[in-house]
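Open your viewer and get ready to select a few things one after another.

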Amino acid sequence: MITTEAKVKPIDCQHYIEGRYIPSKSGKTFENINPATEEVLGIVAEGGKEEVDLAVQAARKALKGEWGKLPLRKRSAILRKIGDLILERKDELAMLETLDTGKPLWLSKNVDIDRAAYNFHFFADYMISVGTETYHQDDIAIHYAVRRPVGVVGLINPWNLPLLLMTRKLAPALAGGNTVVMKPSEVTPMTATVLAQICSDAGVPDGVVNMVHSFGETGAAITSHPDVDAIAFTGETVTGSAIMKAAAPTLKKLSFELGGKNPNIIFADADLDDVVETTLRSSFMNQGEVCLCGSRIYVERTIMDEFLEKFVNETEKLTVGDPMNPNTKVGALVSEEHYRKVQSYLELVPQEGGKFLTGGKQAQGLEKGYYIEPTIITGLGKDSRCVREEIFGPVVTVIPFDTEEELLEQVNDTHYGLSASLWTTNIKRAHRIAGQIEAGMVWINTWFLRDLRTPFGGMKHSGLGREGGAHSFDFYTELSNITIKL
Ligand code: NAD
């Protein structure tokens with residue numbers, strides 16, 4: 001039987017400007033590579049400053065058009081329709097996401113595409129209920145705030161959860177009445193290309209959603225463009241810093257979701273089977289290429305041996321390989337460049353005094369593709385680069401601790417502050433420690449559990465601002481206060 005997915009073919013990717021797919025004026029293109037097979041999937045238009053100018057002009061023009069003036073319920077219905085169309089095309093989008101990223105197909109379907117659709121369904125509901133502030137100042141005045149779109153927003157995204165992260169920005173941006181210029185990662189251009197068509201099919205007017213494909217320099221042309229009012233960026237901390245500089249002369253509103261090196265803390269009183277099951281996911285899901293992965297595992301010394309035995313044992317059972325195989329738990333890393341980066345950290349491990357309990361090398365028996373075995377390392381000191389730097393692959397370090405004080409010192413000894421997981425059955429301790437971890441999100445006895453109403457984002461060098469519910473809405477709208485003298 002031929003499944004729907006099997007019929008899906010990779011696509012060539014062009015820019016999407018003012019409701020049309022167009023090539024680059026320069027005629028430049030680049031190849032899109034399947035990381036699981038190293039084969040060429042298709043050709044991508046390589047945009048430059050010219051395409052960014054066109055996209056921004058189109059977005060600027062559309063800002064004056066019907067989009068921002070549509071009755072709230074009509075705009076909400078269009079958002080809902082986008083979510084519905086994403087679900088209708090789920091098999092196709094999941095296949096394109098897997099071809100681009102190397103992640104298991106079942107994961108693309110159940111996490112990436114489902115959550116992408118939900119981003120639209122959530123904000124379609126949310127936008128209807130959002131209010132503003134009103135103050136009645138005695139018999140002197142009434143003050144009330146109105147919401148307006150921010151304007152043209154640049155949405156710049158990474159490669160690890162391409163559609164999920166793009167839609168997490170696009171949905172609230174559209175809900176707020178803005179127009180956008182999207183720049184997907186050059187490594188994973190396909191699902192965003194289809195998303196542009198889906199938006200049009202759902203009734204989004206031409207020029208509201210625009211997209212330029214290309215590399216970092218083209219992203220930089222968006223961030224420094226004088227007619228772009230805000231930038232929502234997810235990616236590496238160093239890129240966030242470069243964007244901040246580029247955006248400074250025009251004082252753009254900024255939202256950053258950046259890197260992480262998140263602790264996963266396990267106390268001796270935790271339910272160890274539950275810990276191991278979830279820690280397998282928080283370590284190796286999506287090949288460890290999730291900003292929220294818990295790559296620094298701290299274990300209370302009294303259970304270190306028992307934990308390691310179970311954790312290594314279960315890790316060795318994980319199937320690594322073909323992303324199309326429904327049994328595969330760990331697929332290919334996203335690109336040759338990223339594979340080399342992860343390998344370079346593995347080479348550092350013996351030099352830094354570390355020991356591989358499992359993994360540490362290219363996955364065996366796979367001739368092509370960028371596969372690395374799920375890797376567990378012990379014996380590294382707190383100053384080791386593998387403990388301090390974001391590796392963003394299926395690689396975790398395990399470190400024992402004896403006291404809460406020592407634990408907190410190590411956990412917070414990082415310039416990252418994205419998320420943390422904490423395992424204990426002692427609720428007082430859980431609350432006490434959670435409040436002292438310098439991270440934007442702390443999970444107690446779980447991981448990756450999300451409610452879109454809650455604040456999502458990082459402290460320190462892991463981000464600027466928060467996404468989710470009211471936080472997203474505040475970023476994608478401007479409040480203007482109006483005072484009536486009585
Ligand atoms: P990256 O910073 O290299 O690239 C992200 C995007 O920015 C790409 O589209 C890229 O072309 C563009 N870009 C690169 N240089 C630019 C510049 N100077 N100006 C404007 N745009 C530029 O990140 P990546 O390697 O694609 O993604 C991995 C990183 O993303 C990891 O650090 C990971 O932790 C982070 N991430 C964070 C979150 C979060 O929610 N905090 C979620 C997912 C990924």
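A polar contact is a pair of N or O atoms within 3.5 Å; within protein, one must be able to donate a hydrogen and the other to accept it, and residues adjacent in sequence count only if both atoms are side-chain atoms. Before you use that, note that this is a predicted model, where local features need pLDDT of at least 70, side-chain atom pairs count only at pLDDT 80 or more, and totals for chains, interfaces and linings use all residues. Residues are numbered from 1 along each chain as its sequence is written, and side-chain values use heavy atoms, with hydrogens and water left out.

**Stop 1: the ligand**

Select Asn-157 and the ligand: a backbone N or O atom of Asn-157 lies 2.8 Å from an oxygen atom of the ligand. Next, pick Leu-258, where a polar backbone atom is 2.7 Å from a nitrogen atom of the ligand.

How much of the ligand's accessible area does the protein cover? The protein covers 90% of the 850 Å² that the ligand has on its own (areas come from the Shrake-Rupley method with a 1.4 Å probe).

Now color the elements that give two or more residues to the shell around the ligand: helix H6 (162-175), helix H8 (216-223), strand E10 (230-234) and helix H9 (237-247). Helices (H or I, at least four residues) and strands (E, at least two) are DSSP runs, numbered from the N terminus. H8 gives the most to this shell, with three residues.

**Stop 2: helix H4**

Select residues 90-101, which form helix H4 with its twelve residues. Is H4 mostly covered or mostly open? Mostly covered: nine of its twelve residues are buried, including Leu-93, Met-95 and Leu-99. Buried means under 20% relative accessible area, exposed over 50%, and partly exposed in between (1.4 Å probe, protein chains only). Step on to Gly-102, which follows H4 and has a positive phi, near 85°.

**Stop 3: helix H7**

Finish with residues 190-202, helix H7. Ten of the 13 residues of H7 are buried, so H7 is largely enclosed by the rest of the structure. Among the buried ones are Met-190, Val-194, Ile-198 and Ala-202. An α-helix has 3.6 residues a turn, so residues three or four places apart point the same way. Just after H7, click on Gly-203, which takes a positive phi of about 110°.

Terms used:
Expected span 1.5 Å × (residues − 1).
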